[in-house]
Amino acid sequence: MCIRDSYMIIDGIVDDCVLGAEQYEDAMDGLEDRSLAGEIDSDILERLSQLRRDLIAFRRYLSSLREVLRPFAQGMYQHLSIDLEFQFRHVTDHVSLALEVIEGLREATHAVHDNYFAQLAERTNALMRTLTLFSTFLLPLALITGFYGMNIILIPSIESPWTTVFVCALLVITGVCMYTYFRRRKFL
């Protein structure tokens, strides 16, 4: 087999590597779109971890391939023609291009990871805000009902039939006041 045949095989391998890098880029675009969607998809982290491992292995392969091809592209072998040296330089450039794509994708994995956890934090904050509003709203009402629900004779007018009406009115007024306050502060 002559050196030109070897070049053709290496060029085919490098072209497949560039296509592989583009396929990884498409997969990353899909993950990025899913990470920016409104729903939190727990499958994203698993797919992202697998993609990150694949990118690291692919980067190692491409780095090794570039190091193997570098002497051919730099003219370190006297028996290669200038034309073949130029073609190897072209192949090395393709490997470098694929490496740049992979490096960009590795950085994009961090962005997808950050998007996922930002959405998760936003969802958790919304849930905590809702729970805090409910507890803040219900705490004074529970205090009033707990206080007037005690069977202690020392509480004024505990035996009066109007006490129930007074307590219910106090609960409604407290609830309306808190609702109005939260609405004005734009918590609701």
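**Salt bridges, core and surface in a predicted model**

I would like to begin with a pair of side chains, those of Arg-34 and Asp-43, which meet in a salt bridge with a distance of 3.3 Å from N to O. Please keep in mind throughout that this is a predicted model. Arg-34 is partly exposed, at a relative accessible area of 25%, and Asp-43 likewise counts as partly exposed, at 30%.

That pair belongs to a total of five salt bridges in the structure. Another of them joins Glu-103 to Arg-59, whose closest N and O atoms are 2.1 Å apart. Because Glu-103 lies in helix 3 and Arg-59 in helix 2, this pair ties together parts that are 44 residues apart in sequence. Glu-103 is partly exposed, with 28% relative accessibility, and Arg-59 is also partly exposed, with 31%.

Which residues have the most contacts inside the largest nonpolar core? They are Met-28, Leu-62, Leu-69, Phe-88, Val-95 and Ile-102, in a core of 29 residues. At least two residues of this core come from each of helix 1 (3-36), helix 2 (43-73) and helix 3 (82-148), and helix 3 gives the most, with eleven residues. If we take Met-28 and set aside its neighbours within four places in sequence, its contacts include Leu-48, Leu-51, Leu-55, Leu-105 and Val-112.

Finally, I come to helix 4, where Thr-174 lies. Is Thr-174 buried or exposed? At 17% relative accessibility it counts as buried, and, beyond residues up to four places away in sequence, Thr-174 touches Pro-140, Leu-141 and Ile-144. The C-alpha atom of Thr-174 is separated by 79 Å from that of Ile-10, a residue 164 positions away along the chain.

Tyr-179 also lies in helix 4, which covers residues 162-184, and Tyr-179 is partly exposed, with a relative accessible area of 40%. Together with Tyr-181, Phe-187 and Leu-188, Tyr-179 makes a nonpolar surface patch of about 400 Å².

Definitions and conventions. Residues numbered from 1 in each chain as written. Predicted model: local features only at pLDDT ≥ 70, side-chain atom pairs only at ≥ 80, totals over all residues. Heavy atoms only, no water. Patch = residues over 30% accessible without salt bridge, like charges linked within 9 Å, V, L, I, M, F, W, Y side chains within 5 Å. Areas by Shrake-Rupley, 256 points an atom, 1.4 Å probe, with all protein chains shown as cover. Salt bridge = Lys/Arg side-chain N within 4 Å of Asp/Glu carboxyl O. Helix = DSSP H or I, 4+ residues; strand = E, 2+ residues; numbered from the N terminus. Buried < 20%, exposed > 50% of the residue type's maximum accessible area, 1.4 Å probe, protein only. Core = buried A, V, L, I, M, F, W, Y, C linked by side-chain atoms within 4.5 Å. Contact = heavy atoms within 4.5 Å.
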